[in-house]
Amino acid sequence: MPKCFLGTSLYEACPPSCRHSFAKQDVDEDCIAKSKLDAFLQDKVTFKIGFSAFSQIPAKNLEKFLWSGKDNLELITYFLYIGEPTLVREIIESFSNHTLSYLFKVDFENYMNLRESLKREKTIKHMFDIRSFKYWTFVSYLRICDLIQYFVRYLKEPEYACQFLIILPSEVVSNLTKYTGLDFEEEKSLYTALGDSIYELPLQSPKIYDHMMQLFAEDPEVSIILSTMEELVRRQNLILETSAKLQSYISDHRIDKYFQYIFSELGGIEIGTAEEILNQLLEKKMITSSQKHMIIDFLETGKLEL
């Protein structure tokens with residue numbers, strides 16, 4: 001029975017950390033992880049053996065396997081779906097842009113086929129909320145930005161690249177050219193590919209608003225609508241900045257200290273805006289629902305009822 005260079009047979013799980021230990025060695029001829037994945041597809045080996053092969057196979061070998069057939073691709077996406085975030089991130093980031101773009105386009109097509117049946121699911125706002133595709137959120141923003149550039153500049157497919165704007169941190173979206181290297185026209189094509197969702201972008205990342213006004217200054221259809229959003233965007237910026245400031249303070253201080261700080265930061269802010277800031281803290285489980293109502297009561301009446 002053939003064995004790998006470490007002496008592991010087809011019917012044994014790959015040793016832990018094999019990928020790391022031999023990453024710099026050319027193990028194509030001796031690595032039998034691909035054979036284990038093939039055997040798993042044929043129900044000849046156990047799940048443990050199949051997943052161990054996925055976890056330890058050299059990246060270039062895994063890419064070759066992925067491109068070999070539909071069943072192979074489905075198996076890899078399944079393993080990405082169930083894998084630990086750290087492992088998934090390591091594997092995804094080792095793939096070439098050519099492979100990643102193909103993988104994402106297949107996922108996006110599957111999402112579009114599912115979208116009609118998901119319309120009643122209020123918790124699902126975009127494809128990355130679906131568990132099958134959530135593994136994309138494990139990938140670093142730098143790798144995502146590199147893939148965005150590949151879609152826009154080399155494939156001329158900004159309609160795929162723009163999907164990632166939803167999961168990038170606000171500070172990255174606000175300085176997108178810095179991270180992607182896109183030029184003026186490329187960046188404009190990226191935002192245009194969002195369709196009507198383009199107007200959600202400055203609410204997600206308010207600091208991009210002035211830049212978008214410059215980008216679309218010669219496009220009346222977009223610039224006129226954006227110009228009506230200025231007050232809304234400034235308000236959203238206040239909400240995001242204040243909630244981030246409060247979250248940081250709450251994480252580092254005792255409850256008696258941070259309540260005093262919350263009162264001082266929210267004092268003078270319009271009640272509706274203050275409530276949205278508190279909702280952000282509630283969503284992050286930084287405060288409880290009863291604490292939120294207590295703070296709102298104090299802001300409205302000036303009296304603290306414990």
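A crossing of two helices is called right-handed if the near helix is turned clockwise from the far one by less than a right angle, and left-handed if it is turned anticlockwise. The model described here is predicted. In it, helix H18 passes helix H19 in a right-handed crossing.

**The helix pair H18 and H19**

- Helix H18 spans residues 271-283 and helix H19 spans residues 289-301; their axes come within 10 Å and cross at roughly 160 degrees.
- Angles over 145 degrees count as roughly antiparallel, and H18 and H19 are therefore roughly antiparallel to each other.
- On the H18 side, the contact is formed by Ile 271, Ala 274, Glu 275, Leu 278, Asn 279 and Leu 282. Their counterparts in H19 are Ser 289, Lys 292, Ile 295, Ile 296, Leu 299 and Glu 300.
- By type, the residues of this contact between H18 and H19 comprise seven nonpolar, two polar and three charged.

**Aromatic ring pairs**

- A pair of aromatic rings is described by the distance of the centres and the angle of the planes.
- The count of aromatic pairs in the model comes to 25.
- In the pair of Tyr 78 and Tyr 81, the ring centres are 6.4 Å apart and the planes stand at 50 degrees, so the pair is tilted.
- Both Tyr 78 and Tyr 81 belong to helix H5 (residues 70-82), where they are three residues apart, about one turn of the helix.
- Tyr 78 has a relative accessible area of 39% and is partly exposed; Tyr 81, at 31%, also counts as partly exposed.
- The rings of Phe 263 and Phe 298 have centres 4.4 Å apart and planes at 45 degrees, so this pair is tilted.
- Phe 263 lies in helix H17 (residues 255-266) and Phe 298 in helix H19, 35 residues apart, and the pair thus links distant parts of the chain.
- Phe 263 counts as buried at 16% relative accessibility, whereas Phe 298 is partly exposed at 24%.
- A cluster linked by ring pairs contains Phe 104, Phe 108, Tyr 111, Phe 128, Tyr 135, Trp 136, Phe 151, Tyr 160 and Phe 164.

**Glu 186**

- Glu 186 is located in helix H12, which covers residues 184-192.
- With a relative accessible area of 12%, Glu 186 is buried, because values under 20% count as buried.
- Leaving aside residues up to four places away in sequence, Glu 186 touches Val 152, Arg 153 and Gly 181.

Terms used
Residues are numbered from 1 along each chain as its sequence is written. This is a predicted model: local features need pLDDT of at least 70, side-chain atom pairs count only at pLDDT 80 or more; totals for chains, interfaces and linings use all residues. Side-chain values use heavy atoms; hydrogens and water are left out. Axes are lines fitted to C-alpha atoms, for helices over the stretch in contact, and angles run from 0 to 180 degrees between N-to-C directions. Helices (H or I, at least four residues) and strands (E, at least two) are DSSP runs, numbered from the N terminus. Angles under 35 degrees count as roughly parallel, over 145 as roughly antiparallel, 65 to 115 as roughly perpendicular and the rest as oblique. Contact means heavy atoms within 4.5 Å. Ala, Val, Leu, Ile, Met, Phe, Trp, Tyr, Cys and Pro count as nonpolar, Asp, Glu, Lys and Arg as charged, and the others, Gly among them, as polar. Rings of Phe, Tyr and Trp (its six-membered ring) pair if their centres lie within 6.5 Å; planes under 30 degrees apart count as stacked, over 60 as edge-to-face and the rest as tilted. Buried means under 20% relative accessible area, exposed over 50%, partly exposed in between (1.4 Å probe, protein chains only).
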